[in-house]
Amino acid sequence: MEFLIPLINKVSLYSVSIEHSYMTAGDNGDSRENESFAIMSSDGKEAIAELKFSYTFDENNITTIYESFKGKDGEIVETTFIKPTMVSLVNSVSTQYPIFDIYGSGRNEINTAITKAATEYFNKYGILIDKVSLTQVVLDEQTRQAIQQKVNKMNEIDIAQSETKIAEEVAKKSMIEAQAQAERNIIEAQAQAERKLIETAADAEATILKAEAEKQANLLRSQSLTQELLIQNYIEKWDGQLPTVSGSENAMLFDMNLDNLN
């Protein structure tokens, strides 16, 4: 959608739809010839940047826009005002970041910061910024090699940390397994000691019971001895001597001393 502002014999066009604009080294979109530009980093390194941004003219401020840019068309405003201003805004942000972040891991954060700065700046001119992105950052060979060496070093550190972490996990696992085995050994040793104690107690009890049984058997045997057994025992021990006889012809007395049986 475009607004037409008539003024005498002049008509100015301002798009209130999202416009996509490019500042690249090649022929991309509305980028003419080489519109890439130099940026500086916080550590004094220079790089060549390419940019893409999207915007629209605020339809509620068309009259103000017309007056601010003296009736120039939206395309002329983009070429003569928006793009040159973008270069300045990008550099105001890039100088707050080291080249390593601009070239690599900090790109998203930088794009967010550029979009914020552009939004705040262009809003007062009735230009609404949608998004701004660095699409390409080209370094000189020396800087590129220095960054690559830093990346390689960081990768080595990451690998070393990963290997250390793995080794720590393995050691931790081994320690846990060793502790578990030690606990199992202790439990087994305790169980064996308890079994041995039970077996020893059982043996002792069996010995006591056996002794008691033998004692009872001996007692029973001693109680079962009769007078006949004593006589039998005396006979077995007799040395062949006749017993002493005293008395008359009609009465004889045998000296049978049973005490000798013992």
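Axes here are lines fitted to C-alpha atoms, for helices over the stretch in contact, and angles run from 0 to 180 degrees between N-to-C directions. The model is predicted: local features need pLDDT of at least 70, side-chain atom pairs count only at pLDDT 80 or more, and totals for chains, interfaces and linings use all residues. Residues are numbered from 1 along each chain as its sequence is written, and side-chain values use heavy atoms, with hydrogens and water left out.

**View 1. Overall layout of the chain.** Six helices and eight strands make up the secondary structure. Helices (H or I, at least four residues) and strands (E, at least two) are DSSP runs, numbered from the N terminus. Along the sequence the pattern reads β-β-β-β-β-α-α-α-α-β-α-α-β-β. The chain has 262 residues, and 26% of them count as buried. Buried means under 20% relative accessible area, exposed over 50%, and partly exposed in between (1.4 Å probe, protein chains only). Of the contacts between residues at least 6 apart in sequence, 65% join residues at least 24 apart. Contact means heavy atoms within 4.5 Å.

**View 2. Packing of helix 2 against helix 4.** Helix 2 spans residues 74-94 and helix 4 spans residues 107-123. Their axes lie 9 Å apart, at an angle of about 130°. The two helices are therefore oblique to each other. Angles under 35 degrees count as roughly parallel, over 145 as roughly antiparallel, 65 to 115 as roughly perpendicular, and the rest as oblique. The crossing of helix 2 and helix 4 is right-handed. A crossing is right-handed if the near helix is turned clockwise from the far one by less than a right angle, and left-handed if anticlockwise. Helix 2 contributes Phe81, Ile82, Thr85, Met86, Leu89, Val90 and Val93. They meet Ile110, Ala113, Ile114, Ala117, Ala118, Tyr121 and Phe122 of helix 4. By class, this contact has 13 nonpolar residues, one polar and no charged. Ala, Val, Leu, Ile, Met, Phe, Trp, Tyr, Cys and Pro count as nonpolar, Asp, Glu, Lys and Arg as charged, and the others, Gly among them, as polar.

**View 3. Aromatic pairs.** Rings of Phe, Tyr and Trp (its six-membered ring) pair if their centres lie within 6.5 Å; planes under 30 degrees apart count as stacked, over 60 as edge-to-face and the rest as tilted. The count comes to nine aromatic pairs. The rings of Tyr55 and Phe57 are edge-to-face, because their centres are 5.8 Å apart and their planes stand at 85°. Tyr55 is buried, at 2% relative accessible area. Phe57 is buried too, at 2%. Ring pairs also link Phe69, Phe81, Tyr121, Phe122 and Tyr125 into a cluster.

**View 4. Asn123 and Phe57.** Asn123 belongs to helix 4. Its relative accessible area is 46%, so Asn123 is partly exposed. Asn123 and Phe57 are 66 residues apart along the chain, with 9.5 Å between their C-alpha atoms.

**View 5. Lys70 in its loop.** Lys70 sits in the loop between helix 1 (62-68) and helix 2. Its phi is near 50°, a positive value in a residue other than glycine. Lys70 is exposed, at 71% relative accessible area.

**View 6. Ala38 and its neighbours.** Ala38 lies in strand 4 (residues 37-40). With a relative accessible area of 35%, Ala38 is partly exposed. Leaving out residues up to four places away in sequence, Ala38 touches Glu46, Ala47, Ile48 and Asn91. The C-alpha atoms of Ala38 and Val137 are 9.4 Å apart, across 99 residues of chain.
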